[in-house]
Amino acid sequence: MMDAQKNEAIAKVIVQERFPPIREEAVKLAESFSTSDLYPFALSCYDAEEFQVQELGVFLFGLISHAEPQALHHLQNVVSENTSFRMQEIFAYAVDIYCKSISYENSLPMIKAWLRDSRPNVRRAIVEGLRVWTSRPYFIDNPVIAVTLLSSLRADPSEYVRKSVGNALKDISITHPDLIKQELATWNTSNPDIAYVYKLAYKFFEVTENAL
């Protein structure tokens, strides 16, 4: 019966192109099986040939990572190296699932460590996964911390990461315009990398100013 449910989940996701149905199957499995049973299954899914089954595995890593450290380790050290953009998007989802499951405040040490990781995909997974940062518990009440963490990557060597940072700051500018303006005013935009992030972060203000 247990194997039948897993096989049924694989059969359902293998015909999917969108993330939500794959995530839904992962959630059903996480509600039905123990972490010790799901971790090896998630590994086998990630090693499958079909990209949808691989993605099911990554969602499962995220769902069980609060109880299985090896799942989080696999996300950081294996999934981060995957060259598929779709996989990196799900990696970001999985990171947010982990942070939410243990609370965003308790996740702070991990968030800070991953923002300093040498691999761009790891840094980007944190930045992208937690968007909109100030809609998340803890960061709702501590927007300055969110802005400070994101701004620490304003000169990141990876344009991929910088783009995510700029867009994440732009998100926050909608509800905390003064905070973002104050932060941006301290940046040295003679640095082209920082100027790139500045332009993205300032985009909401640019649109509203042009509308006046």
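Author: The expected span of a helix is 1.5 Å times one less than its number of residues. The model discussed here is predicted.

Reader: How far does helix H6 reach from its first C-alpha to its last?

Author: Helix H6 covers residues 85-102, which is 18 residues. At 1.5 Å a residue, the expected reach is 26 Å, and the model comes close to that. From first C-alpha to last, H6 spans 26 Å.

Reader: Which residue has a side-chain oxygen that reaches the backbone nitrogen of arginine 86?

Author: The contact lies at the start of H6. The oxygen comes to within 3.3 Å of that nitrogen.

Reader: Is methionine 87 buried or exposed?

Author: Methionine 87 sits in helix H6. A residue counts as buried under 20% relative accessible area. Methionine 87 has 1% relative accessibility, so this residue is buried.

Reader: What separates the C-alpha atoms of methionine 87 and glutamate 55?

Author: Along the chain, the two residues are 32 residues apart. Methionine 87 touches Glu55, and its other contacts include Tyr46, Val58 and Val79. The separation between the two C-alpha atoms is 6.5 Å.

Reader: Why does threonine 134 count as buried?

Author: Threonine 134 lies in the loop between helix H8 (120-129) and helix H9 (143-151). Among the residues this threonine touches are Phe139, Ile140, Ile172 and His176. The cut-off for buried is under 20%. Threonine 134 counts as buried because its relative accessibility is 10%.

Definitions and conventions: Residues are numbered from 1 along each chain as its sequence is written. This is a predicted model: local features need pLDDT of at least 70, side-chain atom pairs count only at pLDDT 80 or more; totals for chains, interfaces and linings use all residues. Side-chain values use heavy atoms; hydrogens and water are left out. Helices (H or I, at least four residues) and strands (E, at least two) are DSSP runs, numbered from the N terminus. Buried means under 20% relative accessible area, exposed over 50%, partly exposed in between (1.4 Å probe, protein chains only). Contact means heavy atoms within 4.5 Å. A polar contact is a pair of N or O atoms within 3.5 Å; within protein, one must be able to donate a hydrogen and the other to accept it, and residues adjacent in sequence count only if both atoms are side-chain atoms. Lists of a residue's contacts leave out its neighbours within four places in sequence.
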